[in-house]
Amino acid sequence: MTTEDVERKYSKRSSKWKLILILLVVALVAVAIGCLDVGYAPIDFPQILSILAKHVPFLNGAVNASSISAVNESIILQIRLPRVLAGAIVGAGLAAAGVMYQGVFRNPMADSYLLGASAGASFGYTLAVIYASSAVLTVIGLGFYQVVAFVGAVLTVFVVYFMSRVGNKVPVTTLLLSGVVVNVFILALQTVFELRSGKALVGIVAWIAGGFSNITWTHIYSVFPFVLVGTIIAYFFTRDLNMLSMGDDTATHLGVNTERVRRILLVISSLITAACVSISGVVGFVGLIIPHMTRLIIGPDHRMLLPTSAIVGAMFLIVCDAVARVATGANELPVGVITALAGTPVFIYLLRRRKTSYSL
Amino acid sequence: MVTLTVDGVECRYGSIKILEGVSLTVKEGDFVGILGPNGSGKTTLLRSMSRTLKPHKGVILLDKTDIYSIKSVELAKRMAVVPQENVIGFSFTAIDVVLMGRNPHMTRFQMETDKDMTIVRKAMERTNTWQFADRPVNELSGGEKQRVIIARALAQEPKVLLLDEPLTHLDMINQLEIMDLVRELCAKEGLMVMAVIHDLNLAARYCNSAILLKSGRVWAAGSLDQVLTSENIKNVFKVDAIVKKSPITNSLYIIPLSLQKTAPCKKCAIHVIGGAGTGTLIMKALVDEGYTVTAGVLNMLDTDYETADLLKIPAVTEAPFSPITEQTKKANLEMMSKAAIVVMTSVPFGYGNLSNLEAAIEAAKQGIRTYVVDEVPIECRDFTGGKAAAMLQELRDWGAVFVKHPSELPTLVNATRDKLELAKHAKGEIPGHTKKLDAVQLGGK
């Protein structure tokens, strides 16, 4: 490529990026609608489209309402659609949080659970199941368990963050190590409580493995704002993330207020993760592998990496959840199992395809 | 007028003071070299000026404003930094990295404009990096990477440029290109540059002033002539060095000679008879060993004469290209008689310096231990039709020791000195030792 081409390529970059994003959004919608067709009740595809169209302004006039059965409508709208949306929201949220964590920590092992969000949520959930099984509190539309899990996740990240503070700075390595250590510690605590309680633990184990079997619209309404608003705010810090990857000193010299940017991004990503974990349980792998996969294809620029990772994460989890629903007959598989089984081969293929070594 | 003022800065790591009472003022167009040995605080000074390390005492003012009160974006528009080590996470391309230099000039919601692109391209062309703009920085060589980082700093369009050892990974041509570029930016665009530079010669050639640090304090500051003196270099680096002005580059250049001896000098004088550069290495080696060295007879402007001059070796001299007169020969003999050892190098002999050989024979006759370096066979360096060869044989007959290579000399000389010392003890000239004379075997015969 001549150097003239380079200049043209880089000055035309933003329009190219927009095009890719639009195509990805179209693909996401297509995947989501396609996965509405996956489930036990056989509902044919044209009918799914009619049911959806009935609820979309301007399109509803074209739909012949009499051709839609009430049962099917209720299955699609009350069971499958929330599941697909939850998959999209959680997938997008975890992938976006993973991008932020990897960028902030400059570490390829970082994922959305790095600072203990998953451990805190699991522990909160476990305590709630053991000690408060009859309590039915409802806060901001979430079930009691979800609120406890959310609080557990946020609290843990908070503890990890303040444990690592040195003066008014939070060194990246200290934060990473504290995260790992606190994760292990909470896991141990959780085991103690589980064993002492003597209760049936199947529910807890299943919840921790992650899944979307009991999703309702209230879950969607309570979690979506976190993911959407969080990702939008984070987007405005993506250029800073690019510079943070050059090290704190260089980022500072380039005009980035590193401590502030890091704090903002950690708060956002932790809230997103906590919100996701509270409705889906611990869905592993998405927050770690999706950012890497996207980076291998799109490149390292966070301005592009963050939105594309979110969309790819959403698509990936929708598909994985669809597979989890029907893979083994009557019993659902935890979606975390599918994400790992499906994601690993794809990721290894992408890694091997590269001729030069991959560095983060 | 852009000025950068450092006033009474003190920096500590824990309880250890790295910088103490550092004050200086730099103006636009200045190209200041920050010099000093490892651990003298150069990088710390640069880090405190670049707002990476807040000083415990003192202030750093950019145009009369404390830099620690300027917003990072505002400071980045005025000051660019090329750090010593560069982490480049992720596989950003070279142009990506240079585009980051435009960050302080962009708002949070903006993409790079055509203007940014033009500035970046210019910066990359000036640093000779445009041709690999599209390559991932991780795959570039150390020197290429360094130039990309410098391009990024230039893309910031700063008024002040701080460089921490910018030349470490660069080969000779890249060093000169970068320094030429920086000097041009200083001279034509009024950029203020402060650079930590280890290579005193490059600093001497390109900077227009310098700061010399020693143990966290400013030892000397000002023009190069004031800072780069052999006295200062000796005090700060503990190295004996020659500082001269090159007639070609019209700048100072520094030749480090040797580490300063911490061991006391040996009280033993050695007289070297050389010429035409044959004595240079020998004199240097003996001085390094700590001996008191004298030399003669040397023709002025001869290589050995210059060496003796640089090493401050007392020498009996003769006018340039002139045969040795009786008078100088006498002076030479007199100097020789004070020496414990005489060394004759494998100098070529013509009629002009034959009397040096006569003097050596004289010394050997007087019982002064005499060494002859016989590196080049005498047939090849005898331009007197066999006279010199005959005299060399005579010298051998008088007990002179012949060695094949100058590198053998220091060991031999040390052994001889020890033997002489012991002899003095034995004679009771130096009391307290009663070791036997033959305890040391003298080799080489």
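Trainee: Okay, where is B:Leu301 found?
Mentor: B:Leu301 is in the loop between strand S14 (292-299) and helix H11 (303-310) of chain B. Keep in mind that this is a predicted model.

Trainee: Is B:Leu301 buried or exposed?
Mentor: Exposed, because its relative accessibility is 62% and the cut-off for exposed is over 50%. Its phi is also positive, about 75°, although B:Leu301 is not a glycine.

Trainee: Which loop does B:Asn250 lie in?
Mentor: B:Asn250 lies in the loop between strand S11 (239-245) and strand S12 (252-259) of chain B. B:Asn250 isn't a glycine either, yet has a positive phi of about 55°. With a relative accessible area of 56%, B:Asn250 is exposed.

Trainee: Let's move to strands. How many residues of strand S3 of chain B are buried?
Mentor: Five of the five, residues 31-35, so the rest of the structure largely encloses S3(B). Both faces are covered. On one side you have B:Phe31, B:Gly33 and B:Leu35, and on the other B:Val32 and B:Ile34.

Trainee: And which way does S3(B) run against strand S8 of chain B, parallel or antiparallel?
Mentor: Parallel, with four bridges joining S3(B) to S8(B), residues 192-196. If you want a spot to look at, B:Ile34 stands opposite B:Val196 in S8(B). S3(B) also pairs in the parallel sense with strand S9 (residues 209-214) of chain B, over four bridges. There, B:Val32 stands opposite B:Ser209.

Trainee: I also see an open sheet of four strands in chain B. What order do they come in?
Mentor: S2-S1-S4-S5, with antiparallel pairing. Strand S2 (16-27) and strand S5 (65-66) are at the edges with a single partner strand each, so each has one side without a neighbour in the sheet.

Trainee: How many bridges join S1 to S4 there?
Mentor: Five, between S1 (residues 3-13) and S4 (residues 57-62) of chain B. One pair to find is B:Glu10 and its bridge partner B:Lys57 in S4(B).

Trainee: What lies across S1, S2 and S4 of chain B?
Mentor: That's helix H1 of chain B, residues 42-49, running at about 120° to S1(B).

Trainee: Switching to chain A. Which helix is A:Thr126 in?
Mentor: Helix H5 of chain A, residues 117-131. A:Thr126 counts as buried because its relative accessibility is 1%.

Trainee: What does A:Thr126 touch?
Mentor: Leaving aside residues up to four places away in sequence, A:Thr126 touches A:Gln190, A:Glu194 and A:Ile204. Its side chain makes a polar contact with the side chain of A:Gln190 at 3.2 Å. A polar atom of the A:Thr126 side chain also lies 2.6 Å from the backbone oxygen of A:Ser122. And A:Gly203, 77 residues away along the chain, has its C-alpha 9.4 Å from that of A:Thr126.

Trainee: Got it. How about helix H13 of chain A, how many of its 13 residues are buried?
Mentor: Ten, which leaves H13(A) mostly covered. The buried ones include A:Val286, A:Ile290 and A:Leu296.

Trainee: What covers the buried residues of H13(A)?
Mentor: The cover includes helix H4 (70-105), helix H14 (302-326) and helix H15 (335-353) of chain A. H13(A) reaches 17 Å from its first C-alpha to its last, close to the 18 Å expected. Just after H13(A), A:Gly299 takes a positive phi of about 105°.

Trainee: Last topic: what's the mean pLDDT of chain B?
Mentor: It's 84, and 92% of the residues of chain B reach 70 or more. Over residues 430-445 of chain B, though, the pLDDT is below 50. Where pLDDT is low, the predicted coordinates should not be read in detail.

Trainee: And what does the model score for ipTM and pTM?
Mentor: ipTM is 0.84 and pTM is 0.77.

Key
Residues numbered from 1 in each chain as written. Chains lettered and ligands numbered in written order. Predicted model: local features only at pLDDT ≥ 70, side-chain atom pairs only at ≥ 80, totals over all residues. Heavy atoms only, no water. Buried < 20%, exposed > 50% of the residue type's maximum accessible area, 1.4 Å probe, protein only. Helix = DSSP H or I, 4+ residues; strand = E, 2+ residues; numbered from the N terminus. Pairing = 2+ DSSP bridges. pLDDT = per-residue confidence, 0-100. Contact = heavy atoms within 4.5 Å. Axes fitted to C-alpha atoms, helices over the stretch in contact; angles between N-to-C directions. Polar contact = N/O pair within 3.5 Å; in protein donor to acceptor, adjacent residues only side chain to side chain. Expected span 1.5 Å × (residues − 1).
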